[in-house]
Amino acid sequence: MSPKNILVLNCGSSSVKYELMDVDSSVILARGFVEKVGMEDAVINHHYIVEYGYNDIKLVRDISTHRVGIKMVIELLQDEEHGVINDINDVYGIGHRVVHGGEGYTDSAYIDDKVKNDIKHCIELAPLHNPHHLAGIDATEKLIPDHHQVAVFDTAFHQTMEEDTYMYALPYELYKKHGIRKYGFHGTSHKYVAQHAAQLLEKRLDDLKIISCHLGNGASACAISGGVSVDTSMGFTPLSGLMMGTRTGDFDPAVLLYLINKESLSLSEVSTLINRHSGLYGISGISRDFREIIKNADKGNKRAQLALDMFVARIKHYIGAYTAKMNGIDVLVFTAGIGENSPVLRRMVCENMDYLGIEVCEEANNSCDEGVISPENSGVKVMCVPTNEELLIARETARIIEGLNK
Ligand code: ADP
């Protein structure tokens with residue numbers, strides 16, 4: 001049987017991330033990152049499989065648009081020297097990461113004119129992301145028109161939330177008029193780690209109450225009961241919920257009214273304040289990088305320590321809330337840059353949580369790359385599970401394409 005190669009594309013404002021993998025074996029044939037799209041000195045970092053391991057090359061090229069960037073990626077994948085496939089027909093399908101699918105998408109979708117139109121409609125809700133995803137979809141369609149394309153939405157996994165969870169206590173008309181409600185993000189990651197945690201535990205996902213903490217520069221928690229998202233901490237935008245690298249997370253929105261009045265802030269200044277100048281960076285005054293926060297807190301820097309303590313306190317808050325919401329918790333998962341790599345953070349979060357049955361085994365916590373880090377007899381399985389959004393996007397893409405032929 002020939003390999004089922006899926007090309008995963010994630011198009012940002014000036015970048016294209018790509019990964020080509022055989023979805024059945026999860027073997028990555030190539031992955032890379034095109035930076036500075038729109039500039040003459042754009043860079044392609046290409047990592048590709050060779051006979052014994054992987055090679056890396058870096059190319060600098062004039063890449064004026066996403067279309068030029070994707071064309072180069074397609075050529076590079078078939079390149080005599082650095083390529084990994086003989087022919088583009090060795091690619092079974094293309095999966096696009098799409099941040100916002102609005103209320104219409106509870107699942108990934110085969111891309112046709114209607115889906116493209118719906119993604120376009122959601123530009124209002126995700127102005128920094130959806131336009132670039134669409135540019136990537138259009139470019140791919142023009143370059144390889146016979147290939148199947150699938151959209152995998154960050155919001156789709158959370159569409160199972162109940163109305164009393166996703167509604168905000170604002171006038172109902174605003175929901176009808178502008179779609180103002182909680183959507184949630186990081187859905188691909190939460191779904192992947194929940195599935196993978198169940199697999200590692202050799203349990204049925206349907207039988208588990210899981211709280212997943214995706215802790216990277218962006219951070220969110222998700223309550224997953226029976227395999228579906230019942231609540232998540234991000235909202236109408238990826239600003240709410242947990243404290244993040246440079247974003248506030250939850251706070252009283254009336255603070256903004258007060259500041260607009262006191263400091264005559266413009267809309268864009270308010271946006272910069274809450275999205276780029278807050279979070280770990282805003283409190284510590286040092287960095288958004290969690291490693292820097294830990295390093296400086298260790299050296300006795302009080303504001304770095306405060307940033308760390310606040311970051312931890314908010315995660316604990318959501319674990320408590322979601323345990324109550326699901327009437328229990330079986331599995332607590334840590335994932336993404338901080339969740340996967342910081343035993344200190346995981347220990348701090350799980351401290352004084354024995355009332356809920358949450359504790360970590362120090363040895364397992366300090367040495368774990370993937371798996372259970374709670375003591376054997378612990379009521380709740382605490383786990384470290386590296387996320388793999390590309391793999392989930394590839395699997396979803398293959399599933400949707402296979403569904404076409406049934
Ligand atoms: P993004 O949301 O940009 O995808 P990542 O998931 O890559 O973010 O996570 C980035 C965060 O992970 C940064 O705050 C970084 O400091 C943190 N991080 C990465 N490696 C480690 C580590 N070994 N220990 C602690 N934090 C880490």
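Q: How many residues does the largest nonpolar core have, and which of them have the most contacts inside it?
A: A nonpolar core is a set of buried residues joined through side-chain atoms. In this predicted model, the largest such core has 44 residues. Those with the most contacts inside it are L215, F311, I315, L332, F334, L345 and I358.

Q: Which elements give two or more residues to this core?
A: Helices and strands can be read as contributors to a core. Here the contributors are the strands β9 (209-215), β10 (219-225), β12 (331-335) and β14 (381-384), together with the helices α10, α11 (302-326) and α13 (343-350). The largest share, 10 residues, comes from α11.

Q: Which residues does F334 touch, leaving aside those up to four places away in sequence?
A: Contact means heavy atoms within 4.5 Å. By that reading, F334 touches C213, L215, G339, L345, R346, V349, C350, V382, M383, C384 and V385. Two of these partners, L215 and L345, are themselves listed with F334 for the most contacts inside the largest core. A second, separate core of 30 residues includes M21, I28, V333 and L392.

Q: Which residues surround the ligand?
A: The ligand is surrounded by G216, N217, G218, R288, D289, F290, R291, A336, G337, I338, N341 and S342. These divide into 6 polar, 3 nonpolar and 3 charged residues. Both α10 (290-298) and α12 (336-341) supply at least two residues of the shell, and α12 gives the most, with 4.

Q: Where do N or O atoms of D289 and G218 lie relative to the ligand?
A: A polar contact is a pair of N or O atoms within 3.5 Å. In the side chain of D289, an N or O atom is 2.5 Å from an oxygen atom of the ligand. For G218 it is a backbone N or O atom that lies 3.4 Å from a ligand oxygen. R291 places a polar side-chain atom 3.4 Å from an oxygen atom of the ligand. Of the 580 Å² that the ligand exposes when taken alone, the protein buries 65%.

Q: Why does F185 count as buried?
A: Buried means under 20% relative accessible area. F185 has a relative accessibility of 4%, and therefore counts as buried. This residue is found in the loop between α5 (172-178) and α6 (187-201). Leaving aside residues up to four places away in sequence, F185 touches V99, H100, D154, T155, H158, H190, S220, M234, G235, F236, T237 and P238. F185 and G218 are 33 residues apart in sequence, and their C-alpha atoms are 9.8 Å apart in space.

Definitions and conventions: Residues numbered from 1 in each chain as written. Predicted model: local features only at pLDDT ≥ 70, side-chain atom pairs only at ≥ 80, totals over all residues. Heavy atoms only, no water. Near = heavy atom within 4 Å. Polar contact = N/O pair within 3.5 Å; in protein donor to acceptor, adjacent residues only side chain to side chain. Areas by Shrake-Rupley, 256 points an atom, 1.4 Å probe, with all protein chains shown as cover. Nonpolar A, V, L, I, M, F, W, Y, C, P; charged D, E, K, R; others polar. Core = buried A, V, L, I, M, F, W, Y, C linked by side-chain atoms within 4.5 Å. Buried < 20%, exposed > 50% of the residue type's maximum accessible area, 1.4 Å probe, protein only.
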